Amino acid sequence: RLGQLVLTVETDSTNTRALDAMQAGLTTGLFASEYQHSGRGRRGRQWVSPLGSSLCFSLAWRFNSGAAALEGLSLAVGLALQQALAQEGLVNIGLKWPNDLLVNDAKLGGILIELSGDAAGECQVAIGIGLNVQLPEAMVEQLDQPCVDLTQLGYSGSKTQLLATVVSELIHMLERFETSGFAPLRSAWEEANAFRGREVALTSGPRRYEGVCLGVTDQGGLRLQTSAGQEVFHGGEMSVRLQ
Ligand code: BTN
């Protein structure tokens, strides 16, 4: 299923490479780079990763559906990563809605999904993944949240091995998602939900909501028990509520 494999030492952002290649006609491909000088994170943030500190790659994928059908995609991708890491012996990885990978509430990696060409019922999607491999100490001190890397977790495999396992799991997951959507994956996602039953705050645009994290819906929305009752959210940033 993989049409193109592009491995570079340096690029701007592997997501940009994937989106550009799809604009030029590519159907599927894998773009990995040792270094990105303009890496992007979610919510308009930068993804800064000095050379050798993380495994950065993007999968280019074309869906035969509009963007509306892809709401649960980021959760499915998180689940594929969690399952791939378990295959590599890393079994205590939790998922944070919509798609961070956590170990004891510290961030191990993130996912950035970007879409283009949602016109004729078809979507071109760049699934960008950054996994912390070995973060420099000076960088960890500057980050605004606790982070962890694969070296600290004692991972002894190579980046190539990890990439191969993740990509194979991801392709399998995307094929499943294309035919059945997120609903059949929901219970596995809930198993890995790092915030289940915990008091959380959700920032969505200018608004902030507080409640207990109940889980997710069949479409991938976040279910919170707030003072107004059970509510479902479709976008935003969740954090553990500090008492
Ligand atoms: C986040 O947690 O904010 C998401 C981070 C996603 C980073 C990856 S690294 C490979 C791909 N290329 C990018 O520019 N971003 C994603």
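Ser13, Gly41, Gly110, Gly128 and Gly130 come nearest to the ligand, out of 20 residues around it. The model is predicted. By class, the ligand shell holds 10 polar, 6 nonpolar and 4 charged residues.

**Ligand shell and recorded binding site**

- Four elements each supply at least two shell residues: helix 1 (14–23), strand 3 (54–63), strand 6 (106–116) and strand 7 (123–132).
- An unreviewed UniProt entry lists Ser13, Thr14, Asn15, Gln36, Arg40, Gly41, Arg42 and Lys107 under "binding site".

- Glutamine 36 counts as buried because it has 27 C-beta neighbours inside 10 Å.
- Beyond four places in sequence, glutamine 36 is in contact with Thr11, Asp12, Ser13, Thr14, Ser49 and Cys56.
- Lysine 107 counts as partly exposed, because 18 C-beta neighbours lie inside 10 Å.
- Leaving aside neighbours within four places in sequence, lysine 107 is in contact with Asp100, Leu102, Gln145, Pro146, Cys147 and Val148.

**Helix 1**

- Helix 1 is largely enclosed by the rest of the structure, because 7 of its 10 residues are buried.
- The buried residues are Thr14, Asn15, Arg17, Ala18, Leu19, Ala21 and Met22.
- The buried residues of helix 1 pack against strand 1 (4–11), strand 2, strand 3, strand 6 and strand 7.

**Backbone features in loops**

- Tryptophan 97 and proline 98 are joined by a cis peptide bond, with omega about 0°.
- Proline 98 sits in the loop between strand 4 (94–96) and strand 5 (100–103).
- Arginine 43 is not a glycine, yet its phi is positive, near 55°.
- Arginine 43 lies in the loop between strand 2 (29–36) and strand 3.
- Arginine 43 counts as exposed because it has 10 C-beta neighbours inside 10 Å.
- Asparagine 104, another residue that is not a glycine, has a positive phi of about 50°.
- The loop between strand 5 and strand 6 holds asparagine 104.
- Asparagine 104 is exposed, because 10 other C-beta atoms lie within 10 Å.

Key: Residues numbered from 1 in each chain as written. Predicted model: local features only at pLDDT ≥ 70, side-chain atom pairs only at ≥ 80, totals over all residues. Near = placed C-beta within 6 Å. Nonpolar A, V, L, I, M, F, W, Y, C, P; charged D, E, K, R; others polar. Buried ≥ 20, exposed ≤ 12 C-beta atoms within 10 Å, placed from the backbone. Contact = placed C-beta atoms within 7 Å. UniProt positions renumbered as here; feature names shortened; annotations may be inferred.
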